[in-house]
Amino acid sequence: MLTMLFGILTTLAQKDSFEDRLKLDTIHSAKMEQWEFNSTSISCLSDGLWEHVLPKSTVGTDKIILNRNELNYFLELDNVKIKTEFELFANPGHWENRFGKQIQTLTLSKPLHLLAIKDGKLMHFSVDSLVGLRYATYYPYGELDVVDPKMVPIVYQQKNSFDEHSPILFVSSIFLDYIDLNEAKVRWDTVAFGSEDMSGTRRIIGLDFNGDGQDEVLTFHETTEVYEPSEGDESSTSARSIIGLYFKNHWYRTSFWQEGPDGMEGF
């Protein structure tokens, strides 16, 4: 079976590698140390299985953030078609001029597979429609001009609910055949940090697919409050988040955002 799987994935990879297709970059050692991305053993995502899972950011408990390039990739893996596309919400004019009408409600020919944390456990969900709400950021990837409009992150609402701060994992049916969710371990940690004029909280969520102690997915969500003595009792709060996927002995960033003056920026 693994040989068959590898053959399927090799055929897909001949067009473009998984990392190139989805624009994943490796997390360098300095960033790994800063965010505490640990790798003590080999990932269970072997034989190309990593090409069948992508963890992404969420908003609240029922909204997900991804771009059309990522969505199209997983539609192709499970041969899912978009049946209908229509605008439930108007596309802002300044966005439409640059990226077209991408804020759309999509209905699918068959469900897509998702994994998310619900009541502290990693669970399987399905989604047969996505409601496009808005663009997630003013400056995708920190750039004013995005060459490929399909790389612009969009906030979608879907029918399922999950735990707050849980990543959402897009997976294929092949992934579900090889990963036993009963063996998966979910790790939640909260770390407080700070100084005299700053305090912060870092929430760490680790997903270990086979229960061997090595996380394959790590999510960090950090909230920082800075006090301004010169402004009396005033303070400012900011947040940032990063998600990493561990395969081929490297951590790859699948999502990053931070709050800027115009809202969330990054991805």
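A salt bridge is a side-chain nitrogen of Lys or Arg within 4 Å of a carboxyl oxygen of Asp or Glu. The structure holds 12 of these salt bridges. It is a predicted model, in which local features need pLDDT of at least 70, side-chain atom pairs count only at pLDDT 80 or more, and totals for chains, interfaces and linings use all residues. Residues are numbered from 1 along each chain as its sequence is written, and side-chain values use heavy atoms, with hydrogens and water left out.

Asp25 lies in strand β1 (residues 25-26) and Arg253 in strand β14 (residues 250-260), 228 residues apart. Strands are DSSP runs (E, at least two residues), numbered from the N terminus. Asp25 is partly exposed, with a relative accessible area of 32%. Here buried means under 20% relative accessible area, exposed over 50%, and partly exposed in between (1.4 Å probe, protein chains only).

Glu222 forms a salt bridge with Arg240, with the closest N and O atoms 3.0 Å apart. Glu222 is in strand β12 and Arg240 in strand β13 (residues 235-247). Salt bridges that share partners join Glu36, Arg202, Glu222 and Arg240 into one network. Glu222 is buried, at 6% relative accessible area. Arg240 is partly exposed, at 22%.

Strand β12 (residues 217-227) also holds Thr219. Thr219 is buried, with a relative accessible area of 4%. Leaving aside neighbours within four places in sequence, Thr219 is in contact (heavy atoms within 4.5 Å) with residues including His165, Arg203 and Ile242.

Methods
Helix = DSSP H or I, 4+ residues; strand = E, 2+ residues; numbered from the N terminus.
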